[in-house]
Amino acid sequence: MRTVLPNRPQKPATLGPQQVKHLVRAIVTTRPDEIGCDECFEELDRFAEMTLAGKSAAEATPLVEDHLERCGPCREEFEALLDALRVMS
Ligand SMILES: [Zn+2]
């Protein structure tokens with residue numbers, strides 16, 4: 001007995017312009033040196049203190065700034081921390 005495979009014409013797997021655009025944006029906005037929530041959290045104290053002191057925290061720790069821009073939970077944590085520090089000072 002031979003198994004006969006159905007001889008179906010294969011559709012070429014092409015990407016639409018929207019998909020390509022999406023793909024390109026994903027590549028462009030993803031940094032290889034991006035940090036995760038853990039690293040961000042470790043720097044968060046320093047970042048918040050510098051921000052309150054009017055220093056350029058974003059310049060000193062751009063990766064934290066970068067992470068806060070794209071991570072909602074960490075940004076909330078950061079804002080809560082800022083509030084706490086403001087109350088204390
Ligand atoms: Zn995060």
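What share of the 89 residues of the chain counts as buried?

1. **Burial overall.** The figure is 10% of the 89 residues. A residue is buried if 20 or more other C-beta atoms lie within 10 Å of its own, exposed if 12 or fewer, and partly exposed in between, with C-beta atoms placed from the backbone. This is a predicted model: local features need pLDDT of at least 70, side-chain atom pairs count only at pLDDT 80 or more, and totals for chains, interfaces and linings use all residues. Residues are numbered from 1 along each chain as its sequence is written.

2. **Elements.** The chain has five helices and zero strands. Helices (H or I, at least four residues) and strands (E, at least two) are DSSP runs, numbered from the N terminus.

3. **The core.** The largest nonpolar core holds eight residues: Cys40, Leu44, Phe47, Ala48, Ala57, Val64, Leu68 and Phe78. Such a core is a set of buried Ala, Val, Leu, Ile, Met, Phe, Trp, Tyr and Cys residues joined through C-beta atoms within 7 Å. Two or more residues come from each of α2 (37-52) and α4 (62-70). The largest share, four residues, belongs to α2. In soluble globular proteins, nonpolar side chains tend to be buried together.

4. **Helix α2.** Its buried residues are Cys40, Leu44, Phe47 and Ala48. Their cover includes α3 (57-60), α4 and α5. α2 has a kink of about 45 degrees centred on glutamate 43; the bend at a residue is the angle between axes fitted to the seven residues ending there and the seven starting there. Just after α2, glycine 54 takes a positive phi of about 80 degrees.

5. **α2 against α5.** These helices pack at an angle of about 35 degrees, with their axes 10 Å apart. Axes are lines fitted to C-alpha atoms, for helices over the stretch in contact, and angles run from 0 to 180 degrees between N-to-C directions. Residues of α2 including Cys40, Leu44 and Ala48 meet a set in α5 that includes Phe78 and Leu81. Contact requires C-beta atoms, placed from the backbone, within 7 Å.

6. **Two neighbours in sequence.** Leaving aside neighbours within four places in sequence, phenylalanine 78 is in contact with Leu44, Ala48 and Leu68. Is glutamate 79 buried or exposed? Glutamate 79 counts as exposed, because it has 12 C-beta neighbours inside 10 Å. This residue sits in helix α5 (residues 72-88). The C-alpha atoms of glutamate 79 and alanine 48 are separated by 8.4 Å, although the two are 31 residues apart along the chain.

Definitions and conventions. Contact = placed C-beta atoms within 7 Å.
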